[in-house]
Amino acid sequence: MKLSLRTCLGALLLVAASGCTAPARAATDRVTCTIELDRNLLAAEAVQRTVMKVALRASAVTTTDERPPVNLVVVLDRSGSMGGDKIERAKEAAMEALHRLGPKDLFSLVLYDHEVETVVPPQSASNVEWIEGRIRKIQSRGNTALFAGVSQGAAEMRKNLENRKYVPRILLLSDGQANVGPSAPEDLGRLGAALMKEGVAVTTVGVGTDYNEDLMTRLSQNSDGNAYFAANSAELPRIFNAELGGVLKVVARQVVLEITCTSGVKPLRIIGREGRIHGNTVEITLNQLYGGQEKYALIEVEVPAASANEERKIAVASCRYADAITQDDGKASTHATVRFSRDEKAVSGSFNAMVQRDIAFNTAAIANEAAISLNDAGKNALAAVHLREESERLRKVAKDYKLPEVEQQADELNAKAKVLSSRALHAEERKSMRTDSYQSRNQQQEK
Amino acid sequence: MRRRTTSQFILLLLVPTLVMGLVLGRLLLHERERLTRAGALAAEEQARAVANQIQVAVDGFETEIMRQLTERAPLPLAELLAQLPAWAQTDPLIRHAFLLATDARVLWPDATNGLTSEDRAFLQRFELLFAGRTPWEPPATDTAVAASSTRQLMSQSLRSAKRKVGFSYDQNPTACGWLPWYEGRNLHLLAWVQRADGVRYGIEVEMTALLARLITAFPTSAPAGQALALLDGQHAILHSVGATEFQPALPKLATISLAPALPHWQLVAAGTGGAASARGLLFLLSAILCAILLLSILGGGWLLLRDAHHHAIEARTRTTFVANVSHELKTPLTTIRMYADLLREGRAKDEARRTRYLEVIAQESQRLTRLINNMLDFGRLEEGRKAYHPEALDLGTETNRIVAAQCDRLQAAGLAVSCEGTDTPCPAYADRDAFEQALLNILDNAIKYAATGKQLHLRVSASDHRAHVQVCDRGPGVPAAHQARLFQQFHRADDTLTARQPGCGLGLHLSRRLLRDQGGDLRYAPAASGGACFVLILPAEAQTL
C-alpha cells in the first residue's frame, strides 16, 4: 500500500506540474463568437466609453448518442446536520442523477463528514443496482470536512481525467459550514481555480440556511461551475435534474476567449466576470459551454476620437476550446467594426437593447454583492442606499430602452433596499441574493 | 499458641503474598506502559510513513518545478515573459508566476497593463520581498540548516539543467531556491531562479491545490481510538483521518515536523495509544485475575488458620470434657466402693446403718446411670442414631412422678419443691424417657447451682397446643455473659477442673436437643425474683411432620 500510495501521489504531482499539452487540429464550428456594442453608432470626434458584449454560443446537440460522456463525481455532505429529510432527499437526488446518465458515463460518489470516504469509485453509470445499493446505505453523522471531500472528489475525477472524452463535473452538496480543514472562502476559491485549470467544474448545491454561501459560490465561480440554493430539501431532485440536463449538453470545454482591441481602443474593465486585461488584450477563461446556450463577457472600452462616418475595426475576438464531442481543438473568431456619426439623435437611438439588458443584469448582480459586503460589515442602511441608487439607474435604463425585465430587476432591488434599510439580511435572503447574483453573472440558465 | 500460629501465618503466607501482589502489580503496570508505548510507537511509525510520503512527493514536485524553471533560464526575456504566465495559467499547482528585471523592477505581474485582483493580491503578498527588504535566501535557522540537505537535490537538478541545456547564452542560473513565505497564518512557497544577468523569476505554488492532493494520499483510516492530522504553523487542522475526530485536547502520540518541505507544518498522531479499549480490557482482566489469585491465597490461608484454631479449641474442649467426665464418674464410684467395702467388712453393725449404706450405693449408681445415659444419648444424638418412642403423656402426672422420685435428693440439697398445675391433666405427645431425662438434667442443675435459693417452683401448663413445664429456682441465675452460650455443648460457666461443682457441660445441650427433636424446646429466662427459669415445651398432640 505504501508503495502504491507513494507512486500514486508522485504521479499526481508530476502530471500536474508538467501541465497539459493538447493536439492541434481544426474542428467543425461548434462554437460561434459574436461581438455587439451597446449602441451601433458612436459619436464622432469624441473620446468615449462603450461596452462590448462578446458572446459565445454553442450549437445545440441534436442526437442523443452524439453527446460526450460525462464523468460525474457527486460529493455529498453526510454530516450530522444532514440527518432526516435532507439526507434522504439528497440520496434520492443522487439516484436520479445516476438514472439520467448513460452506460458510457462515469459516476462516482464521495461522502464526507469529519473524514472522507469514496463510496462509489469511478465506474460506468450502468451499474445502477450496485450503485443504488451503496447510496441507500448512506447515513448522516459527524462533522464537516468540506475541503477534504472536494479534494477526494477531485482525486476520483483525476483517475479518468487523462481521457479527454469525458466531461468532468463535481457536484457538491452541503448544508453546513466547513469546519474541518481549510474552510475560508478564499481557500475553497483557490481550490476551485486549480480545478478549473484541470478542466473540472464544481457545481455547488447549498441546502437549508446554515451553509456558507460565500464559500460555495466562490468554489463554483472559480471553477466556472453552477451554484444552487435549495432552501428546502424537496428542491434537490429538481436541482440535480437541472444540473444534469446542463452537464449532458456540454459541447465545448476549456474555453479561452481572447479579445484584442485595435485602432487605439483601450479595454477598461470586464463587467461581471473575472478575466485578465493585458495591454490591449483581454483574456477570459470559461470551463464548459452547454449546447444551445450563450455565455458572454461584457467589456467596457475607451474608444478614441474618430471622424464622422468613419468605420473602424475596434476589436478582434478569438476563442479556443476543446470540442467535447470530437475531442478536437476548436477555434472561432470574429471582429467588431463600428461607425461614427455626428448625429446625436441617431447615436442615442442606435442602442442595442439586448446588450443594455445584459449590462443591467450584471451591474445589478455587482450591486447585490456590494450590498452583501456592506450588510456583513453591519452597514445595512448604506447598502440600502446603494441598492436604491442602482434601482433608480436600472429603472431609467428600463424606461430608455423599453426593457420590462430590467424594470422587474429594479423592483427587486428596491424591495431588497427596503428590507436592508430596516434590518440586516436574514440567512436565507443573503443566500438567495448571493446565489442569484452569481447565477446572473455566470449566465446560468437552470436555477 | 494462637498468637504463634497467627504470626507464622503472617510470616509464611501474608508477607510472600503481599510481595507477590506488589511484584505482579508492578509487572502489570509495566506491561501496560509497554503496550501504550508500543501503540504510540506504531502510531508514530504510521505518521512517519505518511510524513515521508509527503516529503518525497513534495520533494519530487519541487524538483520538477525547479527543473522546469531552470530550463527556462536561457530564454530571452520576452519569451520568458510570455511563457511564465502561460505556464502558471495551465498548471493547477502553480498559482502565480513572476519576473523581475535586472534592476529588480517587476516585469510580471505587469502593473502598467492592468492587474487582476489576484495579481494585486500577489504583489501585496510579496511586496517586502520584491522591494528587496527581505532576503531571497532564508536566514540560516535550524530548519534551514536541516533543509540544506534536501535542498542539495535542488542544486543537483540545477547542475543537471545546466548540463542539459548547455547554456549557449550568458544567462546561466546563478542561484535558485525555495522560499517559504508567511502571509498571516498562511504558508506560501515560492520557487525562484536568478540568472547571471540579474533577472530573477519564479512561481508561487498553489498551496491549496497541493494540499488537496496531499490529503487524498492519506491513509483512509487510523487505528481505533486514534486520529492522524496535518496541522499548519498555527496548529490549525488542515486534514485529519481516523474514526476519532482529531481534537487538540487529545493526548499526542507523535509529532512529526514536515520541515523543510513544508516548514512549520506538522503531522500529529493523537489518541489513546492504539486499540486502547481492547488493551484496557486486557489490562483489567489481568488485574482481576491477579487479584483473584492473591485473594484466594489469602482466603485459603485464612481458612486454614481458622480451621487450625478451631481444632485447637476443640481439642482443648475434649480434654476438659474427658477430665470432667472422669471426675464425674469417679465421685459416685468412690462413694459406692467405700460403702460397699464398709458393708463387706461388716463394719456396719446395725440394720439401719446398713440400709442407709445400701441406699447411698443405690443413689450413687442411679447417678452413675444418669450420667452414662447422658453420655450415651449424646453419642447417639451426635451420630444421629437416637430413636424416640413418642406416646401420649400427661405431663402433670409425669412431673409429679419424677419430682417424687427425686424428692430425697432435692430435700437433701435443701430445696423446697412446690408444684403447680400438676393435678390438672396436661396432655403431651413425647418420648417418656427423653422428657424424664431432660427434666432430671434441669433438676440436677438446680441441685448443683441453685441450692442456695432454697426454693424450687414447678408449674405445668398447657397453651396453644403445647405443654409447658416451667422450673424456676431462686439461685444466683445465669451470668449475662454466659446466657448466649448456655445451651452449647461442653460449655460450662466455670470451666475449670477445680470448679466447685462437677459436670461436663452436656446437660442443657442434651435436654434441648431431646426436646427439640420431638417438636418441643427448652428455653431459658431469668426469673423476675432472681434465679433461673427453664421452660420445657412439648407438643400437646402428635405432630404430622
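Which residues touch the most other members of the largest nonpolar core? I began with this question and found that, of the 198 residues in that core, the ones touching the most other members are A:Val54, A:Leu72, A:Val75, A:Ile170, A:Leu257, A:Leu289 and A:Ile299. For my own use I noted that a nonpolar core is a set of buried Ala, Val, Leu, Ile, Met, Phe, Trp, Tyr and Cys residues joined through C-beta atoms within 7 Å. A residue is buried if 20 or more other C-beta atoms lie within 10 Å of its own, exposed if 12 or fewer, and partly exposed in between, with C-beta atoms placed from the backbone. Helix H1 of chain B, residues 2-71, gives the most to this core, with 12 residues; helices (H or I, at least four residues) and strands (E, at least two) are DSSP runs numbered from the N terminus. Apart from this core I found another, of 32 residues, including B:Leu415, B:Ala430, B:Ala434 and B:Leu439.

**Numbering and confidence**

I keep in mind that this is a predicted model, in which local features need pLDDT of at least 70 and side-chain atom pairs count only at pLDDT 80 or more, while totals for chains, interfaces and linings use all residues. Residues are numbered from 1 along each chain as its sequence is written, and chains are lettered from A and ligands numbered from 1 in the order in which they are written.

The model scores ipTM 0.77 and pTM 0.66. I then looked up pLDDT, the predictor's confidence in each residue from 0 to 100, and chain B has a mean of 81, with 89% of its residues at 70 or more. Within chain B, confidence is highest in strand S5 (residues 200-205), at 92, and lowest in helix H5 (residues 142-165), at a mean of 43. The pLDDT is below 50 over residues 142-170 of chain B, and this stretch has 38 contacts in the model beyond near neighbours in sequence, where a contact means that two C-beta atoms, placed from the backbone, lie within 7 Å.

**Sheets of chain A**

I traced an open sheet of six strands in the order S2-S16-S15-S10-S13-S12 of chain A, with mixed pairing; two strands pair if DSSP finds at least two bridges between them. Strand S2 (41-43) and strand S12 (276-278) of chain A stand at the edges with a single partner strand each, so one side of each is left without a neighbour in the sheet. The twist averages 25° from one strand to the next; axes are lines fitted to C-alpha atoms, for helices over the stretch in contact, and angles run from 0 to 180 degrees between N-to-C directions.

S10(A) and strand S13 (residues 281-290) of chain A run antiparallel and are joined by nine bridges, and A:Ala252 stands opposite A:Leu289 in S13(A). S2(A) and strand S16 (residues 329-341) of chain A run parallel, with three bridges, and here A:Leu42 stands opposite A:Phe340. Strand S15 (residues 311-323) of chain A is joined to S16(A) by 11 bridges in the antiparallel sense, and A:Cys319 has A:Ala332 as its bridge partner in S16(A). The hairpin of S15(A) and S16(A) has five residues between the strands, and in this hairpin A:Gln327 takes a positive phi near 60°.

Returning to A:Leu257, I listed what it touches beyond four places in sequence, and A:Val54, A:Ile284, A:Ala317 and A:Cys319 are among them.

A second open sheet of chain A also has six strands, in the order S6-S5-S4-S7-S8-S9, with mixed pairing. Strand S4 (residues 70-77) and strand S7 (residues 167-174) of chain A pair in the parallel sense over seven bridges, and A:Leu171 in S7(A) is the bridge partner of A:Val74. Helix H12 (residues 427-441) of chain A lies across strand S8 (201-207) and S9 of chain A, at about 150° to S9(A).

**Backbone details**

Where is the cis peptide bond next to B:Pro109? I found it from B:Trp108 to B:Pro109, with omega near 5°, and B:Pro109 is in the loop between strand S2 (106-108) and helix H3 (117-125) of chain B. A:Ser263, with a positive phi near 50°, lies in the loop between strand S10 (250-261) and strand S11 (266-271) of chain A, and A:Ser263 counts as partly exposed because it has 15 C-beta neighbours inside 10 Å.
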